[in-house]
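Subject: Structure handover and notes

Dear colleague,

I am passing on the structure below, together with my notes on it. Please read the notes with the coordinates open beside you.

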Amino acid sequence: MHFHPLTVQTCTSTPLGSMRLAASPAGLVGAWFEGQRHEPGQLLHGAGAWADAPGHPLLQEAVRQLRQYLHGERDGFDLALDLSGATPFQQSVWRALLSIGRGQTSSYGALSRRIGVPRAVRAVGAAVGRNPLSVVLPCHRVLGADGSLRGYAGGLERKTALLELENEPVRAADPCHGKDGA
């Protein structure tokens, strides 16, 4: 993923661990748990890192909404998002994540059908795994075709915690239909 050169960041603590949030002039570009797989580490830490901007209005609002969400005080997010650094395919997958409401889950196969590429289940899985906006774009709501937990870049324990927070138990396969066709 490519990021705008004027991207800034801040760090916040959450009940699920520290998170780094990043914003470009166009919107929120990242929300990563510390040490999350696929985080842009060189841009978050060290000499070449984005500037720390805890007073940035969008980052302050993102922190506020994230805390509310993780405390069960809001159902979703109302933030400007900037996905322009991703491929069009990744953008379509990430936008489709927004259609999975709180307390609902989907499978990778259902998500691939939703974006009109039913045979691209693995590519959809790869895009979901590289979602740069953890929690904000609810990739934790995507389960295996049989309802089982599958990978989560922030760790399966966080995925489980997020699903529990949303009062959505991990579902077993539908006994009448088995897998969802993925």
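**Two helices in contact**

Helix H3 (residues 88-97) packs against helix H5 (residues 121-129) with the two axes 9 Å apart and at an angle of about 75°, where axes are lines fitted to C-alpha atoms, for helices over the stretch in contact, and angles run from 0 to 180 degrees between N-to-C directions. H3 and H5 are therefore roughly perpendicular to each other, on a scale in which angles under 35 degrees count as roughly parallel, over 145 as roughly antiparallel, 65 to 115 as roughly perpendicular and the rest as oblique. Phe-89, Gln-90, Val-93, Trp-94 and Leu-97 on the H3 side meet Ala-123, Val-124, Ala-127 and Val-128 on the H5 side. By class, this contact of H3 with H5 has eight nonpolar residues, one polar residue and no charged residues; Ala, Val, Leu, Ile, Met, Phe, Trp, Tyr, Cys and Pro count as nonpolar, Asp, Glu, Lys and Arg as charged, and the others, Gly among them, as polar.

Please keep in mind that this is a predicted model, in which local features need pLDDT of at least 70 and side-chain atom pairs count only at pLDDT 80 or more, while totals for chains, interfaces and linings use all residues. Residues are numbered from 1 along each chain as its sequence is written, and side-chain values use heavy atoms, with hydrogens and water left out. Helices (H or I, at least four residues) and strands (E, at least two) are DSSP runs, numbered from the N terminus.

Trp-94, which lies in helix H3, counts as buried at 1% relative accessibility; buried means under 20% relative accessible area, exposed over 50%, and partly exposed in between (1.4 Å probe, protein chains only). Leaving aside neighbours within four places in sequence, Trp-94 is in contact (heavy atoms within 4.5 Å) with Met-1, Leu-83, Ala-86, Ala-127, Val-128, Arg-130, Asn-131, Pro-132 and Leu-137. The C-alpha atoms of Trp-94 and Gly-46, which are 48 residues apart along the chain, are separated by 28 Å.

**The strands**

Strand E2 (residues 19-24) has six of its six residues buried, so it is largely enclosed by the rest of the structure. In a regular strand the side chains alternate between the two faces of the sheet. In E2, Met-19, Leu-21 and Ala-23 point one way and Arg-20, Ala-22 and Ser-24 the other way, and all are buried.

Two strands pair if DSSP finds at least two bridges between them. Strand E1 (residues 8-12) pairs with E2 in the antiparallel sense over five bridges, with Thr-12 opposite Met-19. E1 and E2 form a hairpin with six residues between them, and Gly-17 in the turn has a positive phi of about 115°. E2 also pairs with strand E3 (residues 27-33), again in the antiparallel sense, over six bridges; here Ser-24 has Gly-27 as its bridge partner, and the hairpin that joins E2 to E3 runs through two residues. E1 is itself mostly covered, with four of its five residues buried, and two bridges join E1 to strand E4 (residues 51-52), the two running parallel, with Asp-52 as the bridge partner of Gln-9.

**Loops and backbone**

Most residues other than glycine have a negative phi, and most peptide bonds are trans. Against that background, His-38 has a positive phi near 70°; His-38 is found in the loop between E3 and H1 and is partly exposed, with a relative accessible area of 40%. Val-135 likewise has a positive phi, near 75°, but Val-135 sits in the loop between H5 and strand E6 (142-143) and counts as buried at 1% relative accessibility.

Gln-36 is also found in the loop between E3 and helix H1 (41-44), and at 4% relative accessibility Gln-36 counts as buried. Not counting residues up to four places away in sequence, Gln-36 touches Ala-31, Asn-131, Ser-134, Ala-153 and Gly-154.

**Cysteines**

The structure holds zero disulfides, a disulfide being a pair of cysteine sulfur atoms within 2.5 Å. The sulfur of Cys-139 is 19 Å from the closest cysteine sulfur, in Cys-11, too far for a bond. Cys-11 is partly exposed, with a relative accessible area of 37%, whereas Cys-139 counts as buried at 5% relative accessibility.

With best regards
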